[in-house]
Each structure stands twice: as structure tokens, then as C-alpha cells.
Amino acid sequence: MEQSGGELAEPSDAGDGEDRLSGLPDDILVLILLRLDTATAAAQTSVLSRRWRRVWALLPELRFPFSSDPHHIASALTAHEAALRLLLVGALDTAPSPWRPGSASPRPTSPAA
């Protein structure tokens, strides 16, 4: 049963406990997860079923607004499988700035005076 790319998972009977949403291809599930606000919210969908366990790791964008735990971000980046086109990490003392692969730092940071 192929579940990546544009192929559908095998259809299931309504009474076997499998939901129709999990039968969608990864590409569609990724589009659904992109509508969530944060990478944490997307990763929390992994508890829905085995099918959803690694879908969040296919997201091309990860957003961590105002995260106070750098280990949480490092763990997510280590587990992430897809190429990133956007990584947003907010800080409590500045406005979040997006980083795109291949671009220079969005703005220089200066040490606190």
C-alpha cells in the first residue's frame, strides 16, 4: 500500500475504525497540516493514528513562534525529513523573522548592550 506522493492509501471499510482522512495521500495531509499555526500543533497530530505519525515531518515549513526551549526545536529539526523552504523561530525579545534556505540571515543580530 503506497501512501506517499500522489497515491491514495487502500480504501477501508467504514466499520474497521480507519477514518477517511487518513486515506488521503501525503500531499493532501501536508496541505492540511500547513494550515496549523505551529510546528508543535502539526507534530501533535502524530497521535491520531500510525498513518499520521510521520506526516508532520514532511512539512516544507516549520514555525516555532516564541519558543523558549531550543532543545524542542533541535529535536524537531532532527526528526524532520523533508527539505525546508521556511523555518520561522520567534524570540521573546524580537519579532519573528523568516529564514529561507539559500538566503542570508534576515537581519543581523547585535549583542545586548
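Reader: How many cavities of 30 Å³ or more does a search of the whole structure find?

Author: This is a predicted model, where local features need pLDDT of at least 70, side-chain atom pairs count only at pLDDT 80 or more, and totals for chains, interfaces and linings use all residues. Residues are numbered from 1 along each chain as its sequence is written, and side-chain values use heavy atoms, leaving out hydrogens and water. A cavity is a set of points on a 1 Å grid over the protein atoms alone where a 1.4 Å probe fits but cannot get out. At 30 Å³ or more, the search finds one cavity.

Reader: How much space lies in the largest cavity?

Author: Grid points are joined across faces, edges and corners, and the volume is the space filled by probe spheres set on the points. For the largest cavity that gives about 60 Å³.

Reader: Which element gives the largest share of the lining of the largest cavity?

Author: Lining residues have an atom within 4 Å of a point; among them are Leu33, Asp37, Ala42 and Arg63. Helices (H or I, at least four residues) and strands (E, at least two) are DSSP runs, numbered from the N terminus. Helix 1 (26-34), helix 2 (39-44) and strand 1 (61-64) each supply at least two lining residues. The largest share, three residues, comes from strand 1.

Reader: Which residues does Val55 touch, not counting those up to four places away in sequence?

Author: Contact means heavy atoms within 4.5 Å. By that rule, and leaving out residues up to four places away in sequence, Val55 touches Asp26, Leu29, Val30 and Leu33.

Technical notes: On a 1 Å grid over the protein atoms alone, a cavity is a set of points where a 1.4 Å probe fits but cannot get out, and a pocket is an open set with protein on both sides within 12 Å along at least five of seven lines; lining residues have an atom within 4 Å of a point.
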